[in-house]
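Dear colleague,

I am passing on the structure below, together with some notes on what came out of going through it. Please read the notes with the coordinates open beside them.

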Amino acid sequence: MKTYISPWPSTAELPPFPRTISILGCTGSIGTSTLKVIEQHPDLFKITALAGGRNATLLAEQATKHRPKYLAVLTDGIAKELKALLPADYKPEILTGPSAYVTLASLDEASLILSSIVGAAGFEPTLAAAKKGKMIALANKESLVLGGHIIRAVCHETGATILPVDSEHNALFQGLAGHDGADVSRLILTASGGPFRGKSKEFLEKVTREQALNHPNWDMGAKISIDSATLMNKGLEFIEACHLYGLPPEQIDVVVHPQSIIHSLVEYVDGSQLGHLGVPDMQIPIAFCTCFPQRVPLELKPLNLAEIGTLTFEKPDLEVFPCLKLAADSFAASQSHPIVLNAANEIAVDLFLHEKIGFSDIPLIIGSALERHSSCDVSEAGAVLELDVKTRRDVMDSIA
């Protein structure tokens, strides 16, 4: 596809098997699912590095099993805890702080980078991997929300290859493969609707943290679960789709599909729609990206449409769930507005998870931040990061 964010993977020079992989975000839901895939196909991978944030116990278990040369955590204190949990005969290099993730994304020894850190923290490591011309299995949508324009330019300069792990974008990628991008009429992102589909504004005002974390179909981390409940997750994916496939917002639609079986569709100018169907398990898109162009068997129960019986679709309710519209409007406004959107959302979600604001306050905080913002130049990575920090500070000040 001519407008894809990186050289189209089937035409790129991809690393041979076994692939040396650096997993950024190994203790999260995507990271643990990736390790399940690797454990089913150990002949295809060699784990070079694992970055696990704050969960020293789980990282120690993973590291002891796979023995990578490098590990990374957020603080020196967590590193000390991790070191004490490792066996005496295993002495990896343990890096700390945000710069550690950039280092692991840039390792000469790693040919494949799985970028699955949650939130804006994933932007710098993803960009670092692109600058080194890596094969990138991208599960961090915020990398493109913040700086898709920058990452696109870098990928075409270095030859870095991006394969999208998000189930929706992976479905679109598969639906586009082998076709001329000029024949695409629109992309249709499917959304589960989250745990509050069909609920009223009045209901959402009383939603608890536990209710919002209870997603009906997917097993995800806390932040992404809340984003799914507000439909901001779909809003971020809308922006990500614009960057990945080089299409304007008017050629991207969202439809609510509660069963989460059709993961997205590509519509062509002749009216054909190509969709990707599968059980809602992230091992499928992870295996597709990390093993590309091979397809590998997975230990999953196959999709049984007769068992499911009915697939339904409906329009998203933008009045009850305004985050989706806020995201689309921010992309249309300027390159800097999505950065503000994402930063305000991350602050608001964190406050909700700590029970300091209500669920319905999340879109109000984001909308207010966007109204206060005037577009600015974010053509360089430094400007992106500076605006991200500034927005977080401004949002906290405004709430205080």
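**Sheet and strand pairing**

Strand S10 (residues 262-268) and S11 run antiparallel and are joined by four bridges, where strands are DSSP runs of E of at least two residues, helices are DSSP runs of H or I of at least four residues, both numbered from the N terminus, and two strands pair if DSSP finds at least two bridges between them. Please bear in mind that this is a predicted model, in which local features need pLDDT of at least 70 and side-chain atom pairs count only at pLDDT 80 or more, while totals for chains, interfaces and linings use all residues. Residues are numbered from 1 along each chain as its sequence is written, and side-chain values use heavy atoms, with hydrogens and water left out.

The open sheet of four strands has the order S9-S8-S10-S11, with mixed pairing, and its edge strands, each pairing on one side only, are strand S9 (252-256) and strand S11 (273-277).

Strand S7 (residues 161-164) is covered on both faces, with Thr161 and Leu163 buried on one side and Ile162 and Pro164 buried on the other; buried means under 20% relative accessible area, exposed over 50%, and partly exposed in between, with a 1.4 Å probe and protein chains only. Strand S6 (residues 135-138) runs parallel to S7, and four bridges join the two. The chain passes from S6 through H6 to S7 in a right-handed β-α-β crossover, that is, with the strands pointing away from the viewer, the path from the first strand over the helix to the second runs clockwise.

**Lysine 134**

Lysine 134, in the loop between helix H5 (123-131) and S6, is buried yet has no salt bridge, and the nearest side chain of opposite charge, aspartate 108, is 5.1 Å away. A salt bridge here is a side-chain nitrogen of Lys or Arg within 4 Å of a carboxyl oxygen of Asp or Glu; for charge, Lys and Arg count as positive and Asp and Glu as negative, while His and the chain ends are not counted.

**Helix H10**

Seven of the nine residues of helix H10 (residues 222-230) are buried, among them Lys223 and Asp227. Just after H10, leucine 231 takes a positive phi of about 70°.

**Aspartate 350**

Aspartate 350 is found in helix H15 and is partly exposed, with a relative accessible area of 40%.

With best regards
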